[in-house]
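Please look over the sequence and the model shown below before reading on.

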Amino acid sequence: MHTLSVSSLNEQIKGLLETSFEKVYVEGELSRITFHNSGHIYFTLKDSSSAISAVMFRGNASKLKFRLEEGMKVLVDGAITLYKPRGSYQINCFSIEPSGQGALALAYEQLKQKLSAQGYFNPEIKKQLPKFPSRIALITSETGAALQDMLRVANSRYKAIEIDIYDVLVQGQNAAFSIANAVKTADTQAYDIIIVGRGGGSIEDLWAFNEEIVADAIFYAKTPIVSAVGHEIDWLISDFVADLRAATPSAAMEMILPDTNELYQYLDSISIQFTQKIEQKIYNLKQELSHLKNLYLQHSVEKKLEYKKQEIIKIKDDLTQAISFKLQSYEKDLQTTQQRFPQTIDSLLGLAQNQLSNLKKMLESNNPKYKNKKGFAQIVKNSTVVDIASLNINDIFEAQNDEYIVSAKVLTKEKIR
């Protein structure tokens, strides 16, 4: 029996496998993906019951348009190889396509989701475009029809504009790098607006505007940028990142440049409005002047003197009427008084006579000489007539009538029952 070394056996198996399976198409689910620093990608391809190791070396990996993700179902184009040091076989992948979906479509969605999560599409950070730009940069191919369309629109709409053209690759392997570099360079030249654009084409033709390097250049630019790529139905990553998206390159020029004819009409409108405002202002000033003149006349010295004169006349008339009314009132009162005076005098005299008669009677009734009776005298104490009941033991008093006064002292006091 011929004895083989392990290396010889693996070498024979390697030759057998690689000649028998030099071209295989395998569909499966990605698992245990490793992106090595060397640029190689290692992963496992599996289905519900089996698994196989796979590798995609750097040269082929660099051509991938999308990123491999755990659990993604893919279709692999490759060959079976044996890794002799470990005696394990694997698929050497030449290309990988997402199962049921194009690679470019998947790459587009992956990058769109990534940049959206990073805020590249945020409306709040979009820069405002100037209304009347004076310098713009066109980043496109000098040989493309898009450039001629843009220049034609600019010439017909607004000739007072300086346009610089940055010739770049707009499709192919190095197009994204060319466009990104042009954006960075133009951003340092103090343009009012930068337009990045090209005409229509397939998704492969337009793919440079879906590259992350172009998205980064647009996002970090200080100058407002317009993305004008393809046709109305084409939406590129650059459209989402740019400050303004135009459906076509010529539409971009129509959007950013004012129409000269419209400007003339606008200037005419402004002139008319200005004239109307001046006329209205003059009219308002005339009205104000007339009002001030009337106020002056109303508040002038002559007007005030006339007002005071009328006021004095009114006061004089009011005073004359008041005095006349008072005199008439006094005259009526005097007539009434004259009519009532004799009666009043007679009444007052009668009242006085009655009072005098009453006083006379009172005087006579209180005169001591009319009160004298045998055995009666009035009691006077301290020059005041008092009642005998008010006297106390040892009080000094006087008993008097109209002829005599007798001084006495109370020795005893008893009440007669």
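## Overall architecture

The protein has 11 helices and 14 strands, these being DSSP runs numbered from the N terminus (H or I of at least four residues for helices, E of at least two for strands). This is a predicted model, in which local features need pLDDT of at least 70 and side-chain atom pairs count only at pLDDT 80 or more, while totals for chains, interfaces and linings use all residues. Residues are numbered from 1 along each chain as its sequence is written, and side-chain values use heavy atoms, with hydrogens and water left out.

| Property of the protein | Value |
|---|---|
| Radius of gyration | 66 Å |
| Span of the C-alpha trace along the principal axes | about 205 × 80 × 35 Å |
| Volume of the largest pocket | about 490 Å³ |

A compact globule of 417 residues would have a radius of gyration near 22 Å, where the radius is taken over C-alpha atoms and the globule rule is 2.2 Å times the number of residues to the power 0.38. Of the 417 residues, 30% count as buried, that is, under 20% relative accessible area with a 1.4 Å probe and protein chains only.

## Interior

The largest nonpolar core holds 60 residues, of which Phe43, Phe66, Leu68, Ile96 and Ile139 touch the most other members; such a core is a set of buried Ala, Val, Leu, Ile, Met, Phe, Trp, Tyr and Cys residues joined through side-chain atoms within 4.5 Å. A second, separate core of 19 residues includes Leu147, Ile195, Met253 and Ile256.

Met253 and Ile256 are also among the buried residues of helix 8, together with Pro249, Ser250, Ala251 and Ala252. Because six of its eight residues are buried, helix 8 (residues 249-256) is largely enclosed by the rest of the structure. Its cover includes strand 6 (135-140), helix 4 (145-157) and strand 8 (193-198), contact meaning heavy atoms within 4.5 Å.

Gln110 lies in helix 3 (residues 103-117) and is buried, with a relative accessible area of 14%. Leaving aside residues up to four places away in sequence, Gln110 touches Phe66, Arg67, Glu69 and Met72.

## Largest pocket

Twenty residues line the largest pocket, and Ser62, Lys63, Leu64, Lys65 and Glu211 lie nearest its centre. The lining divides into 10 nonpolar, five polar and five charged residues.

A pocket here is an open set of points on a 1 Å grid over the protein atoms alone, where a 1.4 Å probe fits, with protein on both sides within 12 Å along at least five of seven lines; lining residues have an atom within 4 Å of a point.

Conventions:
Buried < 20%, exposed > 50% of the residue type's maximum accessible area, 1.4 Å probe, protein only. Points joined across faces, edges and corners; volume = space filled by probe spheres on them. Nonpolar A, V, L, I, M, F, W, Y, C, P; charged D, E, K, R; others polar.
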